[in-house]
Amino acid sequence: QVRLLESGGGSAQPGGSLRLSCVASGFTFGIYGLDWYRQAPGKARELVATVSRDMTTTYVDSVKGRFTISRDNAKNTVYLQMNSLEPEDTAVYYCHTETRPNVLAKLRSYWGQGTQVTVSS
């Protein structure tokens, strides 16, 4: 059973930092990409950052230069280091992946439960 468990959310002042972690289980972690999404109140869920199996990363323009996604395959964990936080970063952050139980099966999407990040003075 695929599980994604986020932690590290909380409150920060503008300009501050937070580090999110997502521990994964139930699949072969190292061969799949992972993503961080976020959803602010009244807004659609937004893709924030991705890291592929070969460590290639991508970011939405609004977080480039401030956020860093990384993964530790030995710990089955993906991280999101968030620096220079802005009030606009306030949202629930979700860990996400797509995996398949075998090579013949379709990819299935899995989400963590989310962790709240609030940036305010």
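Which residues is Y93 in contact with, leaving aside its neighbours within four places in sequence? In this predicted model, residues are numbered from 1 along each chain as its sequence is written, local features need pLDDT of at least 70, side-chain atom pairs count only at pLDDT 80 or more, and totals for chains, interfaces and linings use all residues. Side-chain values use heavy atoms, with hydrogens and water left out.

Y93 is in contact (heavy atoms within 4.5 Å) with E6, L20, W36, Y37, R38, V48, F67, L80, M82, G114, T115 and V117. Y93 also belongs to the largest nonpolar core, a set of 29 residues. Such a core consists of buried Ala, Val, Leu, Ile, Met, Phe, Trp, Tyr and Cys residues joined through side-chain atoms within 4.5 Å. Buried means under 20% relative accessible area, exposed over 50%, and partly exposed in between (1.4 Å probe, protein chains only). W36, F67, V78, L80, M82 and Y93 touch the most other members. Two or more residues come from each of β3 (18–25), β4, β5, β7 (67–72), β8 (77–82), β9 (91–99) and β11 (115–119). The top contributor is β3, with four residues. Strands here are DSSP runs (E, at least two residues), numbered from the N terminus.

Strand β5 (residues 46–51) pairs with β4 (residues 34–39) in the antiparallel sense, over five bridges. Pairing requires at least two DSSP bridges between two strands. D35 faces T50 of β5 across this pair. Six residues separate the strands of the β4 and β5 hairpin, and G42 there takes a positive phi near 75°. On to β6 (residues 57–59), β5 is joined by three bridges, again antiparallel. V51 stands opposite T57 in β6. This second hairpin has five residues between its strands, and M55 has a positive phi near 75°.

Two further residues have positive phi without being glycine. N76, in the loop between β7 and β8, has phi near 50°. N76 is partly exposed, at 26% relative accessible area. S84, in the loop between β8 and β9, has phi of about 50°. S84 is partly exposed at 40% relative accessibility.

The largest pocket has a volume of about 180 Å³. Pockets are open sets of points on a 1 Å grid over the protein atoms alone, where a 1.4 Å probe fits, with protein on both sides within 12 Å along at least five of seven lines; lining residues have an atom within 4 Å of a point. Volume is the space filled by probe spheres set on the points, which are joined across faces, edges and corners. The lining comprises R38, Q39, A40, K43, A44, E46, S62, E88, D89, T90 and A91. Three of these residues are nonpolar, three polar and five charged. Asp, Glu, Lys and Arg count as charged, Ala, Val, Leu, Ile, Met, Phe, Trp, Tyr, Cys and Pro as nonpolar, and the others, Gly among them, as polar.
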